[in-house]
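Subject: Structure handover

Hello,

Here is the structure for your files. My notes on what was found in it follow below.

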Amino acid sequence: RLPGGEASLPLSLQQDGAVAIPDSPFVAELLTPSPLDRMQHRMLLLATSLRVHNQTGHPIVVRFHTADTEVLAAPLPASMTCDAALLGCFPKEHIMETGAPDATASGDDEHALVLQPNALG
C-alpha cells in the first residue's frame, strides 16, 4: 500500500505469486528462486510490471520511444538489471553464443539499457 492509498490484494506466503500495488506502476512478487529450497529461502521483489529477460546469447539494447518515435529521455542506469539466475531464471541450455558480440551493445547511451545474456531489466 502507498501512504494514504488503498491496500493491494493479499499476497500468500504459502506459494509464489504477485499482486499489483494500487495507484502505482509496481507489483509485489513473492519468489522462491530455487525449487530445491522451497521452505528455506523466499524473496519479495518490488518492481515494475514490465520486465525484459534476455534469453539470447548476445547483449541486447532496450530503448523506450515516444509516440512520435523520439527516444524517451529517461535515464536507464545499469543498476536496473540483474542476473536472472538470482531470481531462479536460468539460461536455456540450447542457447549458445555464436559469432562476434554485437558492436552496438554498449552502455554509452544513458537512455538505453544494455541487457547481457540471461539478464533481467
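Which pattern does the protein chain follow, read along the sequence? The pattern is β-β-β-β-β-β-β, with 0 helices and 7 strands in the chain. Helices (H or I, at least four residues) and strands (E, at least two) are DSSP runs, numbered from the N terminus.

Some conventions before the details. The model is predicted, and local features need pLDDT of at least 70, side-chain atom pairs count only at pLDDT 80 or more, while totals for chains, interfaces and linings use all residues. Residues are numbered from 1 along each chain as its sequence is written, and side-chain values use heavy atoms, with hydrogens and water left out.

An open sheet is formed by 3 strands in the order 1-2-3, with antiparallel pairing; two strands pair if DSSP finds at least two bridges between them. Strand 1 (17–20) and strand 3 (43–48) are at the edges and have a single partner strand each, so one side of each is left without a neighbour in the sheet. On average, neighbouring strands of this sheet are turned by 20 degrees against each other, direction ignored. For that angle, axes are lines fitted to C-alpha atoms (for helices over the stretch in contact), and angles run from 0 to 180 degrees between N-to-C directions.

Strand 1 and strand 2 pair over 4 antiparallel bridges, and V19 has A28 of strand 2 as its bridge partner. The hairpin of these two strands has 5 residues between them, and D23 there takes a positive phi near 65 degrees.

Strand 2 (residues 26–31) is joined to strand 3 by 6 bridges, again antiparallel. L31 is partnered by M43 in strand 3, and F26 stands opposite T48. Buried means under 20% relative accessible area, exposed over 50%, and partly exposed in between (1.4 Å probe, protein chains only). For the protein chain, 23% of the 121 residues count as buried.

Salt bridge

The whole structure was searched for salt bridges, and 1 was found; the term stands for a side-chain nitrogen of Lys or Arg within 4 Å of a carboxyl oxygen of Asp or Glu. The side chains involved are those of R51 and E29, at 2.8 Å from N to O. R51 lies in the loop between strand 3 and strand 4 and E29 in strand 2, so the pair ties together parts that are 22 residues apart in sequence. E29 is buried at 17% relative accessibility, whereas R51 is partly exposed at 33%.

Cysteines

How many disulfides does a search of the whole structure find? The count is 0, a disulfide being a pair of cysteine sulfur atoms within 2.5 Å. For C82, the nearest cysteine sulfur is that of C89, 8.7 Å away, which is too far for a bond. C82 is partly exposed, with a relative accessible area of 28%, and C89 is also partly exposed, at 29%.

Surface patch

L50, F64 and L72 form a nonpolar patch on the surface, with about 260 Å² of accessible area together. Patches are made of residues with over 30% relative accessible area and no salt bridge: like charges are joined within 9 Å, and nonpolar side chains (Val, Leu, Ile, Met, Phe, Trp, Tyr) within 5 Å. Accessible areas come from the Shrake-Rupley method with a 1.4 Å probe, and for residues only the protein chains shown count as cover. L72 lies in the loop between strand 4 (60–63) and strand 5 (82–83) and is partly exposed, at 39% relative accessibility.

Regards
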